[in-house]
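This report describes a protein model for a reader who is new to structural analysis. Please look at the sequence and the structure before reading on.

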Amino acid sequence: MSLHTEIKQRAQIVIDTMGPNGKKVLFTDQKPTSRKNGNPYFKSIITRDGVTVVDSLLSKHDDNATKLIYDVANSTVDKVGDGTTLSVLLFSHFIDGVTLE
């Protein structure tokens, strides 16, 4: 799979959470946590927050596409404090006009 395709797929997960009608995203830990009685359970997060989605993506997919999206989102948080989903959307459209090899 090309870097362009990976960026578009990962970015779409974040973009889908945008706006008042945005979708909620469910993330589940891959490793079960055991309870006191010994039964395993998986910690789940349901969110529409762009920062949380990007952080969860980075913990699940450790590849260049996700790292690029993470860097874009985190630089927006550092400088502005909000707008991570919009910055990922703009980055995704910017990548359409660039040839990646």
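What covers the buried residues of H2? The cover includes helix H1 (3–15), strands E1 and E4, helix H3 (64–79) and helix H4 (84–96). The paragraphs below build up the picture around this helix.

**Basis of the description**

The model is predicted, so local features need pLDDT of at least 70 and side-chain atom pairs count only at pLDDT 80 or more, while totals for chains, interfaces and linings use all residues. Residues are numbered from 1 along each chain as its sequence is written, and side-chain values use heavy atoms, with hydrogens and water left out.

**The chain as a whole**

The chain contains 4 helices and 4 strands. Helices (H or I, at least four residues) and strands (E, at least two) are DSSP runs, numbered from the N terminus. In sequence order, the pattern is α-β-β-β-β-α-α-α. The C-alpha trace spans about 55 × 30 × 25 Å along its principal axes. Of the 101 residues, 31% count as buried. Here, buried means under 20% relative accessible area, exposed means over 50%, and partly exposed lies in between (1.4 Å probe, protein chains only). Contact means heavy atoms within 4.5 Å. Among contacts between residues at least 6 apart in sequence, 52% join residues at least 24 apart.

**Helix H2 and its buried side**

In H2, the buried residues are Gly50, Val53, Val54, Ser56 and Leu57. They cover an arc of only 165° around the axis, which puts them on the same side of H2. The arc is that of the directions from the helix axis to the C-beta atoms.

Two of these residues can be followed further. Val53 is in helix H2 and counts as buried because its relative accessibility is 0%. Apart from neighbours within four places in sequence, Val53 is in contact with Ile13, Val14, Thr17, Val25, Phe27 and Thr47. The C-alpha atoms of Val53 and Thr84 are separated by 10.0 Å, and these residues lie 31 residues apart along the chain.

Gly50 is also placed in helix H2. With neighbours within four places in sequence set aside, Gly50 is in contact with Val14, Thr84 and Thr85. Gly50 and Val88 are 38 residues apart along the chain, and their C-alpha atoms are separated by 8.8 Å.

Thr85 is found in helix H4. Leaving aside neighbours within four places in sequence, Thr85 is in contact with Val14, Ile15, Thr17, Met18 and Gly50. Ser87 lies in helix H4 and touches Val72, Ala73 and Thr76, not counting residues up to four places away in sequence.

Asp62 is found in the loop between H2 and H3. Asp62 and Gln30 are 32 residues apart in sequence and 14 Å apart in space, C-alpha to C-alpha.

| Residue | Relative accessibility | Class |
|---|---|---|
| Gly50 | 3% | buried |
| Thr85 | 11% | buried |
| Ser87 | 13% | buried |
| Asp62 | 62% | exposed |

Two strands pair if DSSP finds at least two bridges between them. Leu26 stands opposite Ile46 in E4.

**The largest pocket**

Rolling a probe the size of a water molecule over the atoms shows where empty space is left. On a 1 Å grid over the protein atoms alone, a pocket is an open set of points where a 1.4 Å probe fits, with protein on both sides within 12 Å along at least five of seven lines; lining residues have an atom within 4 Å of a point. Grid points are joined across faces, edges and corners, and a volume is the space filled by probe spheres set on the points.

The largest pocket has a volume of about 170 Å³. Its lining includes Phe27, Thr28, Asp29, Gln30 and Lys31, as well as Ser56, Ser59 and Lys60. Strand E1 (25–28), strand E4 (44–47) and helix H2 (50–60) each supply at least two lining residues. The largest share, 3 residues, comes from H2. By class, the lining has 2 nonpolar, 5 polar and 4 charged residues. Ala, Val, Leu, Ile, Met, Phe, Trp, Tyr, Cys and Pro count as nonpolar, Asp, Glu, Lys and Arg as charged, and the others, Gly among them, as polar.
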